[in-house]
Amino acid sequence: MLNLFEEIKKYEAQIIEDRRYLHQYPELGFDLPNTQKYIQKRLDEMGIQHKACGVLTEETIEKYQRAGFPKQEKCTGVVATIGQGSPCILLRADMDALPIQEEVETAFKSTKEGMMHACGHDSHVAMLLGAAQLLKDHEDELKGTVKLFFQPGEEWGYGSKLMIDDGALENPKVDAAFGIHIMPDQEAGTLSVTEGTLTQAMDTYIVDIEGYGGHSSQPHKTIDANMIMNQLYTSLNLLITREAPPNQEVTFSVGAMNGGTVTNVIPEKAVLSGNMRSYHEETRNHLCQRIPEMIDHVVKAWRGKYSITEFHTPTTYNDPTFIETIMPYMTQVMGQENMTDTGVMSGSEDFSYISQHVPSAFVVLGTGKEGRAPVHNPHMEQNEDIFKYGAALHANVALGWLASQKKL
């Protein structure tokens, strides 16, 4: 097999340059016009075919606005292909930033006030662009097609779904998928590979409660939206303790409660925002049915009205058979001594939508060391020497897996 790790070294400077540019110009959400334009420019330079991908419906736009997100009307994903024919493997990089003020002083510090690539998506894009160049160099040797999937809106939990809905897994049909996430508080140069369920599902509920306001001295003439909101807070938290098995990790957290303006007015409206995190599909399905039932009964018991805005991100599932097939290609790049399994992750990842459709693997590349600032932290930093490993992993897995399928 080719030694792609040695080959990627000639593109290392470009990978770092790409990452530093994207780090300086972060963008939020689904609409990332500058990031999209930069990726398209780089793909053009490599002679790689590409197209824009992702459509936002009016319903989705309104739903995110109701949840407090700024209005965005475009989804600026990019899909590119190298090679031709079947089978087809997808390589994914997310590309949106976070609303965080960067506190790290570097020559390539974010130029956008209150925005930072604090989850490493800039490096994800740079690593996939590096892999794209390697794969283009070896296009004649590909035993099928590699599809590059550059996706916005991961931090909003829905970007991959918007691209899938726009046909990103078709023409050619995707047969398997691979993704990498960096981790700045994991030892640099290590790769964590976990089989089975990797990330939590996240199910979010924003409940708009409508009562009937009035004077605090006459509660009997009102329908107290604040009181209903507080009853919901208690009931939903109790639901998890009584209907989720004790040996399964399920959490329900209310992140925001808003209602009222002054002490002597019983408010007419209130809003409760919370989310559930879980790993087990059967339990999740049960609770996703019970939560709306509980909301309905509690609100109506106190004569209120309500509407619910929901967001659902499933678990990311790492297919054991697919991982077994690609393990030699990952080990060849990383070295057996650097392969590890740190277990399930406590967060959510919208690579999950891809893993629900095709056999997938989502792995974690260490780019720092234990004790360093983690992702989503304003002090987050990475060891740029590690990015070449990510690029080589993408390319080696794609080449190796395609060749393995032709032998079947």
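Predicted model: local features only at pLDDT ≥ 70, side-chain atom pairs only at ≥ 80, totals over all residues.

User: In what order do the strands of the open sheet lie, and is the pairing parallel or antiparallel?

Analyst: In general, strands of a sheet pair through backbone hydrogen bonds, either parallel or antiparallel. Here 4 strands form an open sheet with the order β10-β12-β8-β13, and their pairing is antiparallel. Strands β10 (250-259) and β13 (305-313) are the edges, each pairing on one side only. On average, neighbouring strands of this sheet are turned by 15° against each other, direction ignored.

User: How many bridges join β8 to β13?

Analyst: Strand β8 (residues 201-210) is joined to β13 by 9 bridges, and the two run antiparallel. Within this pairing, I206 stands opposite T309 in β13. Helix α8 (residues 281-301) packs on the sheet, where it touches β8, β10, β12 (269-278) and β13. The direction of α8 makes about 165° with that of β13.

User: Which residues of α7 are buried, and where do they fall when seen down the axis?

Analyst: The general idea is that an α-helix has 3.6 residues a turn, so residues three or four places apart point the same way. The buried residues of α7 are A225, I228, M229, L232, S235, L236, L239 and I240. Viewed down the axis of α7, they fall within an arc of 135°, so they line one face of the helix. Their cover includes β8, β10, β12 and α8.

User: What span does α7 reach, and what is found at its start?

Analyst: Helix α7 (residues 225-243) has 19 residues and reaches 26 Å from its first C-alpha to its last, close to the 27 Å expected at 1.5 Å a residue. At the start of α7, a side-chain oxygen of D224 comes within 2.9 Å of the backbone nitrogen of N226.

User: Now to single residues. Is Q133 buried or exposed?

Analyst: The reading rests on a cut-off: buried means under 20% relative accessible area. Q133 has 18% and is therefore buried. The residue lies in helix α5 (residues 121-137). Not counting residues up to four places away in sequence, Q133 touches Y11 and M46.

User: How far apart are Y389 and E6 in sequence and in space?

Analyst: Y389 and E6 are 383 residues apart in sequence and 10.0 Å apart in space, C-alpha to C-alpha. Y389 belongs to helix α11 (residues 387-406). Leaving out residues up to four places away in sequence, Y389 touches F5, V333, M334 and L365.

Notes: Residues numbered from 1 in each chain as written. Heavy atoms only, no water. Buried < 20%, exposed > 50% of the residue type's maximum accessible area, 1.4 Å probe, protein only. Contact = heavy atoms within 4.5 Å. Pairing = 2+ DSSP bridges. Axes fitted to C-alpha atoms, helices over the stretch in contact; angles between N-to-C directions. Expected span 1.5 Å × (residues − 1). Arc of directions from axis to C-beta. Polar contact = N/O pair within 3.5 Å; in protein donor to acceptor, adjacent residues only side chain to side chain.
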